[in-house]
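Q: Please take the terms used for this model one by one and set each against its criterion.

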Amino acid sequence: MKFGELEFHMISAGHVLLDGGAMFGVIPRPMWEKKMAPDSRNRITLSMNCLLIHAGGKRILIETGAGDKMNAKFRDLYGIDGPFLDQGLRNYGLNSANIDIVVNTHLHFDHCGGNTRVEMDKVVPAFPNARYMVHRGEFQHAMNPSERDRASYVPENYAPLEAAGRLTLLEDDGEVVPGVELIRIPGHTAHMFGVKLTGGGKTAFLFADLVPTTAHLPLPWIMGYDLYPMMTLENKKRWIPEVVREGWLAIFAHDARVPAGYLRDRDGRWEAEPVEID
Ligand SMILES: [Zn+2]
């Protein structure tokens, strides 16, 4: 997809199966299972959607999925399955060495596991020529998570980047390159970024885990994983109406069926009109 000079593609880094109850917080199962049917272990299928952006002369990757470093038990627990990111990059004639910048909206394992890979028993940066960017507060929390969210953080996805001097810790909102803007939308974590893409008079907005799927568009449909659900609510009330009003393309980090779409207000209910980002 092209917005003026800015070009972007959606690449799935595979699937992850997460507990349906945890994904929908206070929403009772009879309601969410109509939108997303769980498997025999109560898990729903989520895609790990990444963006490949060509802008400002740079190739930028937003998110890297869960990667494939995990052991068999972890892989089974979360039902992690490919095709992984390298396959997606190959479809565009690229490999890991072609990526200049990697951005993680936050450091939960399903967003940054592909940051690193195992090479001869050592965990090394998976993108040998890239700078990696994440919010400083998110990184600090990820290095020292609480008892409640420890399971979401796997230090080998980001600690080796810092050790290799490859990590840029961001203090605030800002542009990665012109047309690619990171905006803090806290709630899921304290410092999570959303990503706004602009070019040629058009705008797209990646909600990250503020609105992970189209099923999460209604205001109270907030994940149980969120550390600050009331902040999620405030940010949904701020950003969803803005995306609708301004006619931005909405991008969902975990929706396997409707990864992107234009949002419409239908009698007070937000709906996504699917758009394919090739
Ligand atoms: Zn996520």
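A: Two strands pair if DSSP finds at least two bridges between them; helices (H or I, at least four residues) and strands (E, at least two) are DSSP runs, numbered from the N terminus. The model is predicted, so local features need pLDDT of at least 70 and side-chain atom pairs count at pLDDT 80 or more, whereas totals for chains, interfaces and linings use all residues. Residues are numbered from 1 along each chain as its sequence is written, and side-chain values use heavy atoms, with hydrogens and water left out.

Q: What makes E12 and E13 a pair, and which way do they run?
A: Five bridges join E12 to E13, against the required two, so they pair; they run antiparallel. Thr-198 stands opposite Thr-203 in E13. The two strands form a hairpin with two residues between them, and Gly-200 in the turn has a positive phi of about 55°. Strand E11 (residues 180-184) is also joined to E12 by five bridges, again antiparallel, with Ile-183 opposite Gly-194 in E12.

Q: Which atoms coordinate the zinc ion?
A: The donors are Asp-110 (OD), His-111 (NE2), Asp-209 (OD) and His-254 (NE2), at 1.9 to 2.5 Å. A donor is an N, O or S atom within 2.8 Å of the metal (3.2 Å for Na, K and Ca), so these four qualify. Water is not among the atoms, so the site may look incomplete. Along the chain the donors follow the spacing D-H-x97-D-x44-H. Asp-110 lies in helix H5 (residues 109-112) and Asp-209 in the loop between strand E13 (202-206) and helix H8 (229-246), so this pair ties together parts 99 residues apart in sequence.

Q: Why is the arrangement around the zinc ion called irregular?
A: The four donor atoms subtend angles of 84 to 156°.

Q: Are Asp-110 and Asp-209 buried or exposed?
A: Asp-110 has 10% relative accessibility and counts as buried. Asp-209 is buried as well, at 3%.

Q: What covers the buried residues of H6?
A: In helix H6 (residues 136-143), Gly-137, Glu-138, Phe-139 and Ala-142 are buried. Their cover includes strand E8 (131-135), helix H7 (159-163) and strand E9 (167-170).

Q: Which strands form the open sheet?
A: Seven strands form it, in the order E1-E2-E3-E4-E5-E8-E9, with mixed pairing. Strand E1 (2-3) and E9 are the edges, since each pairs on one side only. Within the sheet, three bridges join strand E4 (residues 58-62) to strand E5 (residues 101-103), which run parallel, and Leu-61 stands opposite Val-102 in E5.

Q: Which residues touch the most other members of the largest nonpolar core?
A: They are Val-16, Phe-24, Ile-80, Ile-99, Leu-107 and Phe-127, of 43 residues in that core. A nonpolar core is a set of buried Ala, Val, Leu, Ile, Met, Phe, Trp, Tyr and Cys residues joined through side-chain atoms within 4.5 Å. Phe-127 is in contact (heavy atoms within 4.5 Å) with residues including Leu-61, Leu-85, Ile-99 and Val-102, neighbours within four places in sequence being left aside. Apart from this core lies another, of 27 residues, among them Ile-60, Phe-193, Val-195 and Ile-251.

Notes: Four donors count as tetrahedral if all angles lie between 85 and 135 degrees; four count as square planar and six as octahedral if opposite donors are over 155 degrees apart and all others between 65 and 115; anything else is irregular. Buried means under 20% relative accessible area, exposed over 50%, partly exposed in between (1.4 Å probe, protein chains only).
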